[in-house]
Every structure is written in structure tokens, then in C-alpha cells.
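Visitor: I am new to this structure and would like to learn how to read it. Could we go through it one feature at a time?

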Amino acid sequence: MSLIIVIFLLAIVDVTLALRPEFQQVITNCIKNVTLSNDSSALDNLQNAGVITMLVKNFRDKKSSKDADEKRSEAYKGNSLHALYNLCKIKKSRLELAVMAGIIPELQKYIRDERAFTNFALELICDFSTKGTKRIRAQ
């Protein structure tokens, strides 16, 4: 059953990047809601499907100037950050995936700009330094 779920999630991740921003936002919100459950098998399935890399890419690529509605863009980034936080707070391997996907510079910019979800960004940065492996700290 788990393999079927991962295959389904892989398809969703692949399609998400090609969708219009409003549909990307809905899928990201759904992913965030799944991560709120803290169900380890659900989080593992999301990790195996490449959701962490997708969320980092979405977080990095969403610029307010691209979207007509700046509030929608900010909510999208907030949902991506919240989902990343929920995924990474439990497992070091997920922290490492987020670092390898390039999240640290994005979090630094986000904190500097004093955005709405800065608390999640600060906690992730702290987790990288306290829970992280040598490989994470090297980044």
C-alpha cells in the first residue's frame, strides 16, 4: 500500500510544478495539512515522493512580483514553510534533504525581510545548527 501512495505522490509532485499558481497553492496547503498529523508513515511517504525538494523549490521560486495577489503569494510561501517545518522537525534526514535542496539562504532572506512566518524559519535554522549532522553544518 505504501508503494502505491508514494507513486501517487510522485505524480502529484511532478504535476504540481506545471500547474497554475492557485492550484499549486491548494496542493501545498493539502501537503501542509497532512504534515500536521505527525503520522510517521505519511511523513515518510511525502519524503520518499520528493515533497521536501518541491517545497524548497516553491518557497525559493515564489516571488510576490510574479503573482497578481501579494497576499496569496505570501500565504503560499507560508504554507510551504509550515509544511517544511513539520516535515523536518522530527527526522535529521529530512533536515539534510532541505539543506541539500538549498533552503538555508532562502530562510536567511525570509528572516531578514521579517515576513509573517518568521518563527518557523528561525526554528528551522536553529534545528539545522543543533540537530544537524556535520554535513548540514558544513552548508
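Guide: Let us begin with one residue and what surrounds it. This is a predicted model. Leaving aside residues up to four places away in sequence, Leu55 touches Thr28, Ile31, Ser80, Ala83, Leu84 and Leu87.

Visitor: Which residues does Thr28 touch, again not counting residues up to four places away in sequence?

Guide: Its list is Leu55, Asn58, Tyr76, Asn79 and Ser80. Thr28 is part of helix H2, residues 21–35. Its relative accessibility is 0%, so Thr28 counts as buried.

Visitor: How many helices and how many strands are in the chain?

Guide: The chain has 9 helices and 0 strands. Along the sequence the pattern reads α-α-α-α-α-α-α-α-α.

Visitor: What share of the contacts with a separation of 6 or more comes from residues 24 or more positions apart?

Guide: Such pairs account for 72% of those contacts.

Visitor: How much of the chain counts as buried?

Guide: Of its 139 residues, 42% do. The accessible surface is about 7500 Å², and carbon and sulfur atoms hold 58% of that surface.

Visitor: Which members of the largest nonpolar core touch the most other members?

Guide: That core has 30 residues, and the ones with the most such neighbours are Val51, Leu55, Leu81, Ile103, Leu107, Leu124 and Phe128. At least two residues of this core come from each of H1 (2–16), H3, H4 (51–61), H5 (70–88), H6, H7 and H8 (118–130).

Visitor: Which residues of H3 are buried?

Guide: Ala42, Leu43, Asn45, Leu46 and Gln47 are buried in H3. After H3 comes Gly50, which has a positive phi near 85 degrees.

Visitor: Now to charged side chains. How many salt bridges does the structure hold?

Guide: There are 4 salt bridges. One of them joins Arg94 and Asp44, with 2.6 Å between the closest N and O atoms. Arg94 lies in helix H6 (residues 92–100) and Asp44 in helix H3 (residues 40–48), so this pair ties together parts 50 residues apart in sequence.

Visitor: Is Arg94 buried or exposed?

Guide: Arg94 has a relative accessibility of 2%, so Arg94 counts as buried. Asp44, at 24%, is partly exposed. A network of salt bridges links Asp44, Lys91 and Arg94.

Visitor: Where do Lys109 and Glu106 lie?

Guide: Both are in helix H7 (residues 103–112), 3 residues apart, which is about one turn of the helix. Lys109 is partly exposed, with a relative accessible area of 41%, whereas Glu106 is buried at 12%.

Visitor: Which residue meets Glu22 in a salt bridge?

Guide: The partner is Arg20, and the N to O distance is 2.6 Å. Arg20 counts as exposed at 51% relative accessibility, and Glu22 as partly exposed at 28%.

Visitor: What describes a pair of aromatic rings?

Guide: The distance of the centres and the angle of the planes describe it. In the whole structure, a search finds 2 aromatic pairs. For Phe59 and Tyr110, the ring centres are 5.1 Å apart and the planes are at 55 degrees, so this pair is tilted. Phe59 is in helix H4 and Tyr110 in helix H7, so the pair ties together parts 51 residues apart in sequence. Phe59 counts as buried at 1% relative accessibility, and Tyr110 counts as buried at 2%.

Visitor: How are the rings of Tyr85 and Phe120 placed?

Guide: Their centres are 5.0 Å apart and their planes are at 45 degrees, so this pair is tilted. Tyr85 lies in helix H5 and Phe120 in helix H8, so the pair ties together parts 35 residues apart in sequence. Tyr85 is buried, with a relative accessible area of 13%, and Phe120 is buried, also with 13%.

Visitor: Which residue lies over the face of Phe59?

Guide: Lys77 does, at 4.9 Å from the ring centre.

Visitor: What separates the C-alpha atoms of Val99 and Ile125?

Guide: They are 10.0 Å apart, while the two residues are 26 residues apart along the chain. Val99 lies in helix H6 and counts as buried at 5% relative accessibility.

Notes
Residues are numbered from 1 along each chain as its sequence is written. This is a predicted model: local features need pLDDT of at least 70, side-chain atom pairs count only at pLDDT 80 or more; totals for chains, interfaces and linings use all residues. Side-chain values use heavy atoms; hydrogens and water are left out. Helices (H or I, at least four residues) and strands (E, at least two) are DSSP runs, numbered from the N terminus. Buried means under 20% relative accessible area, exposed over 50%, partly exposed in between (1.4 Å probe, protein chains only). Contact means heavy atoms within 4.5 Å. Accessible areas come from the Shrake-Rupley method with a 1.4 Å probe; for residues, only the protein chains shown count as cover. A nonpolar core is a set of buried Ala, Val, Leu, Ile, Met, Phe, Trp, Tyr and Cys residues joined through side-chain atoms within 4.5 Å. Rings of Phe, Tyr and Trp (its six-membered ring) pair if their centres lie within 6.5 Å; planes under 30 degrees apart count as stacked, over 60 as edge-to-face and the rest as tilted. A charge sits over a ring if NZ of Lys or CZ of Arg is within 6 Å of the ring centre and within 35 degrees of the ring normal.
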